[in-house]
Amino acid sequence: MKRRGILIVVSGFSGAGKGTLMKALMQKYDNYALSISMTTRAPRPGETDGKEYFFVTREAFEQKIAEDGLVEYASYCDHYYGTPRAYVESQLEAGKDVILEIEIQGALKIKEKFPDSLLLFVMPPSAEELKDRLVGRGTESMEVIEQRMNRAVEEVQGIEQYDYIVVNDVLSECVEELHGIIRAAHNTADRNQLFIEEIRKELEELSKGEK
Ligand code: ADP
Ligand code: 5GP
């Protein structure tokens, strides 16, 4: 039976380690396709267009919205971020589990549009460790770090809407936990309705002696 991929949302406070985790997950397992978002924020040192993000102007982003080319988009700390539609649809169809590393407003829109999606939230081991990681990354000014910590205070209100939380303490353990949750999600009854129907029909036919 051909298996369609699961749409997986990974959210978490800025600095929790989502990017690091996704990289490690993709390196270890090959059934995942990581969606590359479009954003109006400027690239950080070391980021390249088309790799971490498609970096675009506000005009180009608004044009993409107008064309209905995004499955979801949101504004985060004064910038637009959005998920291009074409890649997500083609990879799911090809049987890949597609990962969207997006913030909470986008995550909730995805859940609304794709009720089968799996929502995961990456937590740091503690608030202090979160701030240390953000500062340690060294890519944002103190002003932006404060803005992102404030955003975390808002985001913490919505975590119960996610299906699972994972704590990113030891990276390799967190990768295995994520992978295990996704594997288990493939086996939920509601994601296997077609297969269940098929077996049900066959059983009925067999029991009536039709086969
Ligand atoms: P996010 O994508 O969630 O904003 P990053 O992946 O950029 O976070 O990680 C933020 C910082 O924390 C980076 O400097 C990264 O190297 C570090 N980091 C990520 N995961 C861990 C971990 N498990 N233990 C220690 N440091 C980590
Ligand atoms: P950063 O600027 O640190 O790369 O990302 C800021 C926030 O935007 C993170 O929480 C990240 O998960 C989120 N984000 C990245 N891409 C998208 C997207 O396509 N849509 C939404 N809604 N959020 C995104």
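This is a predicted model: local features need pLDDT of at least 70, side-chain atom pairs count only at pLDDT 80 or more; totals for chains, interfaces and linings use all residues.
Close-up 1. A residue counts as near if one of its heavy atoms lies within 4 Å of the molecule. Residues are numbered from 1 along each chain as its sequence is written, chains are lettered from A and ligands numbered from 1 in the order in which they are written, and side-chain values use heavy atoms, with hydrogens and water left out.

**Close-up 2. Polar contacts and cover of ligand 2.** A polar contact is a pair of N or O atoms within 3.5 Å; within protein, one must be able to donate a hydrogen and the other to accept it, and residues adjacent in sequence count only if both atoms are side-chain atoms. Arg 41 places a polar side-chain atom 2.6 Å from an oxygen atom of ligand 2. Gly 82 uses a backbone N or O atom, 3.0 Å from an oxygen atom of the ligand. In the side chain of Glu 103, an N or O atom is 2.6 Å from a nitrogen atom of ligand 2. On its own, ligand 2 has 510 Å² of accessible area, and the protein covers 96% of this. Areas come from the Shrake-Rupley method with a 1.4 Å probe; for residues, only the protein chains shown count as cover. Helices (H or I, at least four residues) and strands (E, at least two) are DSSP runs, numbered from the N terminus.

**Close-up 3. An aromatic pair between α2 and β6.** Eight aromatic pairs occur in the structure. In one of them, Phe 61 and Tyr 80 are stacked, 4.6 Å centre to centre with 10 degrees between the planes. Phe 61 lies in helix α2 (residues 58–66) and Tyr 80 in strand β6, so the pair ties together parts that are 19 residues apart in sequence. Rings of Phe, Tyr and Trp (its six-membered ring) pair if their centres lie within 6.5 Å; planes under 30 degrees apart count as stacked, over 60 as edge-to-face and the rest as tilted.

**Close-up 4. Ligand 1 and its shell.** Of the 13 residues around ligand 1, Gly 15, Lys 18, Thr 20, Arg 137 and Asp 169 come nearest. A backbone N or O atom of Gly 15 is 2.8 Å from a ligand oxygen atom. For Gly 17, a backbone N or O atom is 3.0 Å from an oxygen atom of ligand 1. A polar side-chain atom of Arg 133 lies 3.2 Å from a nitrogen atom of the ligand. Taken alone, ligand 1 exposes 570 Å², of which the protein buries 72%. Both α1 (18–28) and α5 (127–137) give two or more residues to the shell. Helix α1 gives the most, with three. The shell divides into three nonpolar, six polar and four charged residues.

**Close-up 5. Two loop residues with positive phi.** Asp 68, not a glycine, has a positive phi near 60 degrees. Asp 68 is in the loop between α2 and β5. Cys 77 also has a positive phi, about 45 degrees, although it is not a glycine. The loop between β5 and β6 holds Cys 77.

How values were computed:
Ala, Val, Leu, Ile, Met, Phe, Trp, Tyr, Cys and Pro count as nonpolar, Asp, Glu, Lys and Arg as charged, and the others, Gly among them, as polar.
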